[in-house]
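Try each task before reading its solution.

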Amino acid sequence: MTTPPLRAADILAQRLYQAGCRHAFGMPGGEVLTVVDALEKAGIRFTLVKHENAGGFMAEAVHHRDGAPAILVATVGPGAMNGVNVVANAEQDRVPMIVLTGCVDADEALTYTHQVLDHRAVFAPITKATFQLTAAGAGIVADKAVSIATEPRCGPVLIDVPISVADAPVSADIPRPVRPAASPVAPSGADAARARTALAEAERPVAIVGLDVLQDSSHTVLRAFLEQFGIPFVTTYKAKGVLPEDHPLCLGAAGLSPLADTHLLPLVARADLILCIGYDPIEMRTGWRNAVDPARQTVIDIAAVPNTHYMHQATLNFVGHTGETLEMLAQNTAVRETWADGAPDKSRAALADAFPHGDDWGPAAVIAETRAVMPDTTLATADSGAHRILLSQMWRCSEPRGLIQSSGLCTMGCAVPMAIGLRIAEPDRPIISFSGDAGFLMVAGELATASELGLTPIFLVFVDASLALIELKQRQRQMQNQGVDFARHDFAAMGRSFGGAGHTVRNRAELRAALQEAQSCKTFTVIAAEIEPGGYDGRI
């Protein structure tokens, strides 16, 4: 039997497989059928979703578990446009994503305009690079896309695939070029010596830890460094869990909660040395703008890219590998007692009082009860909204990416598809998503995807019939209530209608029972936790 010739799409798919990709998500149209076929033949499972935006979040969640680039597939025109939000999210959340879109051939586009638009022009501002696939260069395009997407800082890359190019026969794939990874580097010279002196002399050091530490796999070095020099630390939401959050030096996550900031920012202001370790301020609220002052504090940036964000200025700006740089700083540096007045411990206690776990009911009680019932191995996802701010302070993580969310773009509708992606990647671990009712409504169709795949995540919905965070801001500005409230819907019934289980709960006992039942359920479960409007007042 004659082996069919390789197509350009086969070369593309095989290179993505070699990069570690095993899953792709999207919704096919005629223009990407060859791409989907090639992915499957290469060993990359294609999952049909109900909306491209949700497919991108599923792909991102898989990336957070297997480390390979996420793959989103979208057809020409409206399919590609449906993915714009999640691609922009990947750019701001530093997610390596390969976006495969179908397009009509160049000659066809000269006279045929139906659904035709310039995908590369649309995606150029929200990707690291865009390519149009060619038959002879399919392997090179694929390798370049993966390399660009995964080099610091990570991000999305678009490959636009003309119909005839995808099907074009290729005589043979050229050997894949050997591309060694860039060697991790650390600073040296006068600035390095200056940084070591500042570390040795610091009496009140603080570290702000960000996503680059995860990218660099510097967890072990980071922990040893912070413990050696007695440095309390906060993390961004993306770096949450980089060290277990019950660690005595951990002050939790920072970025969006004004309430948390009332306890964290004064401590940062008192510090004489601030180490920004892999810190990417894209996910920080405006309260962290110029939160450090290099005129009276030594501020050291250690990151994958130079400080051009201007959220703060630094005394020293090191562009390099976080682990290697910390090793350099620790070398032959004397250790001294830090924070003799115990201020970090006081801040930690104040934060615990600010986010109590003992409420009878309300959003904080929902989070506290869920954390108490679910195993420590649970992986969680959070949608954007008031509940995310509260959740990110109260949900303790013992591992990196134990709670994933949209942090840079803060887009709604991400939690449900992310939970589906996590369940695909981690079929033996408990998975739970936390959504506001508005965000859940945006992606309720993906319950069908969970059902069709036989997946069993838990989808928990905070039901208060309002855009709670926006309604709170509206009241704070003494504006009339407009455009933020909607009807209360039966979310549990939605779950049952798609073949899952559904529970409506109105107290901690009902929630506990529902969570316990959901953990052994053979289908997915929707838990609608009904809370009163205004439940976030004074809590975020």
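This is a predicted model: local features need pLDDT of at least 70, side-chain atom pairs count only at pLDDT 80 or more; totals for chains, interfaces and linings use all residues.

**Exercise 1. Find which residue of S4 stands opposite phenylalanine 25, then describe the sheet around this pair.**

Step 1. Opposite phenylalanine 25 you will find leucine 72 in S4. Strands here are DSSP runs of E with at least two residues, helices are runs of H or I with at least four, and both are numbered from the N terminus.

Step 2. Strand S2 (residues 23–27) runs parallel to strand S4 (residues 70–74), and three bridges join them. Two strands count as paired if DSSP finds at least two bridges between them.

Step 3. Now widen the view: six strands make an open sheet with parallel pairing, in the order S3-S2-S4-S5-S7-S6. Its edges are strand S3 (45–48) and strand S6 (129–132), each pairing on one side only.

Local features need pLDDT of at least 70 and side-chain atom pairs 80 or more, while totals for chains, interfaces and linings use all residues; side-chain values use heavy atoms, without hydrogens and water.

**Exercise 2. Locate the salt bridge between arginine 94 and aspartate 280, and decide whether each residue is buried or exposed.**

Step 1. The side chains of arginine 94 and aspartate 280 meet at 2.6 Å, N to O. A salt bridge needs a side-chain nitrogen of Lys or Arg within 4 Å of a carboxyl oxygen of Asp or Glu.

Step 2. Arginine 94 counts as buried because its relative accessibility is 18%, and aspartate 280 is buried at 4%. The cut-offs are under 20% relative accessible area for buried, over 50% for exposed and partly exposed in between (1.4 Å probe, protein chains only).

**Exercise 3. Work out how arginine 285 and aspartate 261 are linked.**

Step 1. Their side chains form a salt bridge at 2.7 Å, N to O.

Step 2. Arginine 285 lies in the loop between S12 and S13 and aspartate 261 in helix H13 (residues 258–270), so the bridge ties together parts 24 residues apart in sequence.

Methods
Residues are numbered from 1 along each chain as its sequence is written.
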